[in-house]
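Subject: Structure handover

Hello,

Here is the structure we spoke about, with notes on what turned up in it. Please read the notes with the model open.

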Amino acid sequence: MARIETPKRVRGTQDIFGDEQRRFQRVVDTFDRVRRLYCFSRVELPVFESTAVFARSLGETTDVVSKEMYSFDDRGGESLTLRPEFTAGIARAYLTEGWRQYAPLKLVTHGPVFRYERPQKGRYRQFHQIDAEVIGAPEPAAEVELLTFADQLLKELGIAEGVTLQLNTLGDAATRDAWRDALVEHFAAHRGDLSEDSLARLEKNPLRILDSKDPRDRPIADSAPDIDAYLTNEASDFFAAVTGGLDAAGVAWSRNSRLVRGLDYYRHTAFEFVTDRLGAQGTVLAGGRYDGLVESLGGPETPGVGWAAGIERLAMLVEETVAETVDVVVVAEDDAFIGEALGAVAALRRAGVASESITTGSPKKRYDKALKAGARQVVSFKGDPAGPGHRGLGASDAELAHVAQVLAALSAPVA
Ligand code: ATP
Ligand code: MG
């Protein structure tokens, strides 16, 4: 017979299990708890959208749109794309679902996102993000709330140490145009020394040269003119209100005037929480203000701010977790009592007690197996006329009493 070859896991995807899964879960659970403290609503969105949703809102020249999207034609011939991020889909829903009536809208979501990138530590083709957005809020207070939320999340995950919030402003449209011209002039003067990628960016997206990782670009990017000289009064007041708000809220930040974000839609505030504990993949959480995004999808002028964080990168920083514990193990040390044991474990679970039953394998070894399971209590059925044996192994008196009560109720006549 021909050997059947097992299909492989697709490159850049992950099967998350054991300690890794528990850390992942801890990030998601903590995110869900903290978002309630900030009164953000949870939203569920489709994993795929019309390709136009991302192509229009992120911009054709961005890395994500030009080389990282998973796009395909479905059977009806429509071009669809697996979401490479959440913001564009949320903006689409804001328009198509009439969510304007709820503005300003504070939303969170989380789930898988897809980018065709070169897989390495902390970089996958299917990865997972947590995401927070405020749509319809033009005030710098929205930035302050979102950043305070992010800061608290990192603290509650126990990973804030060594992670710094880097902040920049990209100004308003007038600022950005003037700064862009100055950058083009600077980079054009060093045309011969730039990397090929940056030469291409010079025409389409010169700001991106600032965050190039190519060593040939770094000295040229580092000596480029700062945005500060080009800030309009309005843009500079806006940034001062963001930084002042962060100071008032007790959120530490530092200015990084080289920080630009990869996507076209950013205005005013851009930020990243960065660590040196993850090597090259050091950005754990990033975002900014995207006042032009909803308009690029054909909607009315709508301000928005948001951030996203890679769950895997956060999970890598989180401390090792302890395995989930079982409170009670119920053992049938004699096959005659399998029914009683199954009845008891079902009753315990209904009463909210995490339990397992052991009713298979050699009867002599079942009790040892129960001890090894690490339960806090063991209930053993073995034909003892005095009823089931019940031992607490480090369980509190209250826990013991609760289990005893459930077991006692079991032997009561069924009404
Ligand atoms: P990078 O510079 O690392 O490519 P990015 O600017 O493309 O990041 P964003 O689009 O801002 O990232 O996404 C927000 C967060 O999602 C990142 O800060 C990071 O934590 C995470 N992230 C981005 N791409 C990946 C990936 N391929 N695998 C795992 N996590 C990722
Ligand atoms: Mg990227």
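The side chain of Ser 66 makes a polar contact with the backbone oxygen of Thr 62, at 2.8 Å; a polar contact is a pair of N or O atoms within 3.5 Å where, within protein, one must be able to donate a hydrogen and the other to accept it, and residues adjacent in sequence count only if both atoms are side-chain atoms. This is a predicted model, in which local features need pLDDT of at least 70 and side-chain atom pairs pLDDT 80 or more, while totals for chains, interfaces and linings use all residues. Residues are numbered from 1 along each chain as its sequence is written, chains are lettered from A and ligands numbered from 1 in the order written, and side-chain values use heavy atoms, with hydrogens and water left out.

Ser 66 lies in helix H3 (residues 63-68); helices (H or I, at least four residues) and strands (E, at least two) are DSSP runs, numbered from the N terminus. Its relative accessibility is 48%, so Ser 66 counts as partly exposed (buried is under 20% relative accessible area, exposed over 50%, partly exposed in between, with a 1.4 Å probe and protein chains only). Beyond its neighbours within four places in sequence, Ser 66 is in contact (heavy atoms within 4.5 Å) with Glu 60 and Thr 61.

Next, the aromatic rings. Rings of Phe, Tyr and Trp (its six-membered ring) pair if their centres lie within 6.5 Å; planes under 30 degrees apart are stacked, over 60 edge-to-face, and the rest tilted. The count is 6 aromatic pairs. Tyr 38 and Phe 149 are stacked because their ring centres are 5.1 Å apart and their planes at 15°. Tyr 38 sits in the loop between helix H1 (18-37) and strand E1 (41-42), and Phe 149 in helix H5 (residues 140-156), 111 residues apart. Phe 149 also pairs edge-to-face with Trp 307, at 5.3 Å centre to centre and 65° between the planes. Trp 307 is in strand E11 (residues 304-310), so this pair ties together parts 158 residues apart in sequence. Both Phe 149 and Trp 307 are buried, and Tyr 38 is buried too. Ring pairs join Phe 31, Tyr 38, Phe 40, Phe 149 and Trp 307 into a cluster.

Last, helix H14 (residues 397-411). Val 403, Val 406 and Leu 407 are buried there. The buried residues of H14 pack against strand E12 (328-332), helix H12 (338-350), strand E14 (377-381) and strand E15 (389-392). The face turned away from the buried side carries exposed residues, including Asp 397 and Gln 405.

Regards
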